[in-house]
Amino acid sequence: MPNIRPSSDLRNHYNEISAFCHQYGEPVYITKNGAGDLAVLSIEAYERLTARFELYALLEEGMADIRAGRVIPADEVFAKLREDLKNGTL
């Protein structure tokens with residue numbers, strides 16, 4: 001169940017909101033005049049969220065390469081990496 005708090009709680013109960021975000025890794029939703037306004041979360045949860053978005057973007061880029069035929073067989077890639085490592089060019 002989402003944790004929904006009025007905006008006044010940011011000022012009056014900041015430590016409680018912070019502890020909740022860190023303990024549960026979930027956002028606290030802040031309302032203003034009864035309507036949703038903000039989502040507050042810990043830095044750790046924010047970094048996990050942004051890392052997930054970055055991963056999704058990289059996966060989408062890879063899928064676009066596959067759809068466009070910009071692929072190399074894995075055995076060729078690994079052979080090239082081994083060769084580069086052996087030659088010291090990697």
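**Exercise 1. In which strand is the place of Thr31, and is Thr31 buried or exposed?**

Solution. This is a predicted model, in which local features need pLDDT of at least 70 and side-chain atom pairs count only at pLDDT 80 or more, while totals for chains, interfaces and linings use all residues. Residues are numbered from 1 along each chain as its sequence is written, and side-chain values use heavy atoms, with hydrogens and water left out.

Step 1: Thr31 has its place in strand S2, where helices (H or I, at least four residues) and strands (E, at least two) are DSSP runs numbered from the N terminus. Step 2: the relative accessibility of Thr31 is 18%, so Thr31 counts as buried, given that buried means under 20% relative accessible area, exposed over 50%, and partly exposed in between, with a 1.4 Å probe and protein chains only. Step 3: leaving aside residues up to four places away in sequence, Thr31 touches Ile4, Arg5, Pro6, Ser7, Gly36 and Asp37, a contact being heavy atoms within 4.5 Å.

**Exercise 2. Work out the order of the strands in the sheet and how each pair of neighbours runs.**

Solution. Step 1: four bridges join S1 to S2, and these two strands run parallel; two strands pair if DSSP finds at least two bridges between them. Within this pair, Asn3 has Val28 in S2 as its bridge partner, and Ile4 stands opposite Tyr29 in S2.

Step 2: strand S2 (residues 28-32) also pairs with strand S3 (residues 35-40), this time in the antiparallel sense and over five bridges. Here the bridge partner of Lys32 is Ala35 in S3.

Step 3: put together, the strands form an open sheet of three with the order S1-S2-S3 and mixed pairing. Because S1 and S3 stand at the edges, each with a single partner strand, one side of each is left without a neighbour in the sheet. From one strand to the next the twist averages 35°, where axes are lines fitted to C-alpha atoms, for helices over the stretch in contact, and angles run from 0 to 180 degrees between N-to-C directions.

Step 4: the two faces of S1 can also be told apart, with Asn3 and Arg5 on the covered face and Ile4 and Pro6 on the uncovered one.

**Exercise 3. Describe the residue with a positive phi in the hairpin of S2 and S3.**

Solution. Step 1: the hairpin has two residues between its strands, and Asn33 is found in this loop between S2 and S3. Step 2: the phi of Asn33 is near 55°, a positive value in a residue other than glycine. Step 3: Asn33 counts as exposed, with 78% relative accessibility.

**Exercise 4. Which residues make up the largest nonpolar core, and which element supplies its largest share?**

Solution. Step 1: a nonpolar core is a set of buried Ala, Val, Leu, Ile, Met, Phe, Trp, Tyr and Cys residues joined through side-chain atoms within 4.5 Å. Step 2: the largest such core has five residues, namely Ile17, Phe20, Cys21, Val28 and Ile30. Step 3: H2 and S2 each supply at least two residues of this core, and the largest share, three residues, comes from H2.

Step 1: helix H2 (residues 14-24) lies across S1, S2 and S3, and runs at about 145° to S2. Step 5: the contacts of Val28, not counting residues up to four places away in sequence, include Ile17, Phe20 and Cys21, as well as Leu38, Ala39 and Val40.
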